[in-house]
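Work through the exercises below with the coordinates open. Each task is followed by a stepwise solution.

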Amino acid sequence: MRRYVLRRVLQMIPLLVGVSLLVFVLLASAPGDPVDMLIRSNPSVTMSDIARLKHLYGLDQPIIVRYAKWLGRTLQGDLGWSLAHQVPVARLVGERLPNSLMLVGTGIVIAILVAIPAGIYSALRQYSVADYLASLGTFVGFSIPVFWFGLIMIYIFAVKLRVLPPGGMREAGAVPGWPATLDYLRHLILPSLVIALYSTAALARYTRSSMLEVIRQDYIRTARAKGLSELRIAGHHALRNAMIPIVTVLALTMPSLFGGAPVTESVFAWPGIGQLLVQSVLVGDYVVAMAVLMMIAALVLAFNLAADIVYGLLDPRIRYA
Amino acid sequence: MHDLGRRFTRHRLAIAGGLVSVVLLAGSMSASLIAPYRFEEIDLKNLFKPPSRSHVLGTDELGHDVLTRVLYAGRISLIVGLVATVISTVAGVVIGLLAGYYGGLLDDLLMRVTDVFISVPPIAVMFILAKSLGPGLRSIVVVLCLFGWMGTARLVRGEVLRIKSQDFVEATLALGSSDGRVIARHLIPNTLAPVIVAATLAVGQAILSESTISYFGLGIQPPVPSWGNMLQNAQEYLWTAPWLALYPGFCIFVTVLAFNLLGDGLRDALDPKLKQ
């Protein structure tokens with residue numbers, strides 16, 4: 001087991017290098033490098049200033065040289081300097097990462113609380129009206145554009161009902177202590193519902209099919225033949241076995257939550273790394289974009305690995321060599 | 001074949017999805033015939049008019065008729081979705097066939113490249129690529145294709161590996177068939193069903209991605225309307241002109257839903273083994 005994990009972690013390294021190279025080349029070929037961004041607001045810059053600045057930042061070198069330098073610095077823990085915010089990237093990301101983790105964490109809790117009971121119920125009452133509605137619901141979840149779902153939620157709860165704020169994370173001047181916490185939670189509701197939508201649909205679907213697969217097994221028939229109650233069969237014998245693939249899928253939906261963060265955070269002006277990423281790409285602050293993208297990519301790979309490991313721990317039939 | 005038709009029609013939602021897709025296609029392809037106005041027509045005397053008899057879905061910040069723009073936008077969004085899906089499906093099939101059939105070093109190389117593309121956070125990287133190519137119709141198709149082939153490639157590779165080990169392929173090769181003949185006569189036909197299902201589902205995904213990129217201003221550029229770019233300014237007008245946010249988004253939703261239901265029905269019809 002330890003050797004398996006070690007091998008997988010080692011396999012992640014070339015993959016991360018590949019991802020960083022691809023993203024770096026894409027970013028480097030985008031128009032408007034950081035120097036262009038700096039001089040846009042300053043009309044007195046001459047051509048020689050531009051050339052000097054580009055030389056200073058190393059932007060006049062070939063892409064592969066710049067990539068090698070970036071890789072070297074990053075491996076030493078230096079993420080660079082944000083030209084748009086004029087702070088170190090590490091500090092910028094550090095300030096915003098907790099906000100994203102809070103949003104994604106709340107999203108995953110919502111997804112679990114809604115999807116797993118819904119999926120189990122659907123499977124136990126296959127082809128019932130509730131099952132049919134739940135299936136339709138998952139299709140709706142897969143098909144709604146996330147940003148539009150966000151707009152609709154803002155329209156309903158902020159514009160029409162006026163019960164929740166339309167965006168942001170805190171009201172200016174909220175009294176510290178309980179009122180501020182309550183205010184924060186009120187801001188958290190809509191974006192976390194929106195970010196949870198896709199994962200909820202995916203999780204409900206997998207829960208249902210996993211549960212359906214298990215309840216057809218012989219040992220469920222045996223349990224029924226022993227005269228156990230349906231509740232005990234479903235809760236004890238079926239669910240525990242069905243949970244194995246569900247846990248895996250849960251780990252695999254984490255990447256999609258982080259992948260959805262840029263859109264959701266932008267719509268709700270939630271100050272997380274997703275919003276930071278979108279803003280950085282739009283204004284051309286590529287040092288920041290690169291750092292955030294690599295962080296998300298590393299998280300995705302880590303969760304994939306976690307899914308495989310958890311699968312092996314939960315299912316004794318699987319042995320890793 | 002008969003059985004196939006019956007399995008498909010049993011799926012009422014899939015039928016509905018198919019019908020809706022056809023209606024949407026027909027409606028937006030005939031946009032120039034049925035649209036009440038011209039899509040680039042600016043009417044400064046009629047800004048932000050709520051839905052009324054002369055403007056069924058209202059007007060926007062430039063006095064454009066929203067219904068007209070929704071119809072034309074549908075044409076763009078559907079064309080982008082379909083073209084991107086066809087190209088990325090063909091690319092995926094070729095890559096999957098090469099990797100699965102020839103195996104070895106080529107397989108390793110192609111699959112590692114696939115892993116890299118799958119591990120990249122899609123939306124943000126699409127933003128970057130759209131920016132470097134310069135926003136527009138052609139670059140959005142390139143972006144969608146570049147990040148749309150991996151699923152099909154993995155799917156086809158898996159199918160090819162499965163089929164390749166079966167006796168009839170071995171027999172064909174023993175009888176002296178060329179690689180090309182085995183691929184064209186045996187592998188491609190046998191992988192077709194799951195590829196068609198995946199492609200149908202991919203159309204919806206492509207339309208979703210296009211609308212997201214256009215919503216952030218990096219896709220289709222105004223004055224050419226797409227459902228995504230129509231929503232670009234909708235958020236600030238939610239308080240004063242909510243109809244601007246409502247209709248284009250609803251069109252995206254219905255279209256994607258239709259293709260997803262259709263794909264699901266096709267899966268059940270084409271591959272009874274997968275049926276739950």
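A crossing is left-handed if the near helix is turned anticlockwise from the far one by less than a right angle, and right-handed if clockwise. Helices (H or I, at least four residues) and strands (E, at least two) are DSSP runs, numbered from the N terminus. The model is predicted: local features need pLDDT of at least 70, side-chain atom pairs count only at pLDDT 80 or more, and totals for chains, interfaces and linings use all residues. Residues are numbered from 1 along each chain as its sequence is written, while chains are lettered from A and ligands numbered from 1 in the order in which they are written.

**Exercise 1.** Describe how helix 6 (residues 129-143) of chain A packs on helix 8 (residues 178-215) of chain A.

Step 1. The angle is about 140° and the axes are 8 Å apart; axes are lines fitted to C-alpha atoms, for helices over the stretch in contact, and angles run from 0 to 180 degrees between N-to-C directions.

Step 2. Helix 6 of chain A is therefore oblique to helix 8 of chain A, since angles under 35 degrees count as roughly parallel, over 145 as roughly antiparallel, 65 to 115 as roughly perpendicular and the rest as oblique.

Step 3. The crossing of these two helices of chain A is left-handed.

Step 4. Helix 6 of chain A contributes Ala134(A), Thr138(A), Gly141(A) and Phe142(A) to the contact, and the residues from helix 8 of chain A include Leu197(A) and Arg205(A). Two residues are in contact if their C-beta atoms, placed from the backbone, lie within 7 Å.

**Exercise 2.** Is Leu26(A) buried or exposed, and what does it touch beyond its sequence neighbours?

Step 1. Leu26(A) lies in helix 1 (residues 2-29) of chain A.

Step 2. Leu26(A) is buried because 23 other C-beta atoms lie within 10 Å; the cut-offs are 20 or more for buried, 12 or fewer for exposed, and partly exposed in between, with C-beta atoms placed from the backbone.

Step 3. Leaving aside neighbours within four places in sequence, Leu26(A) is in contact with Val125(B), Ile128(B), Leu129(B) and Ser132(B).

**Exercise 3.** Which helix of chain B gives the most to the side that touches chain A?

Step 1. In the interface, 36 residues of chain B are in contact with 36 residues of chain A.

Step 2. Helix 6 of chain B gives the most to that side of chain B, with 9 residues.

**Exercise 4.** Where is confidence lowest in chain A?

Step 1. Confidence is lowest in helix 2 (residues 34-40) of chain A, at a mean of 68.

Conventions:
pLDDT is the predictor's confidence in each residue, from 0 to 100.
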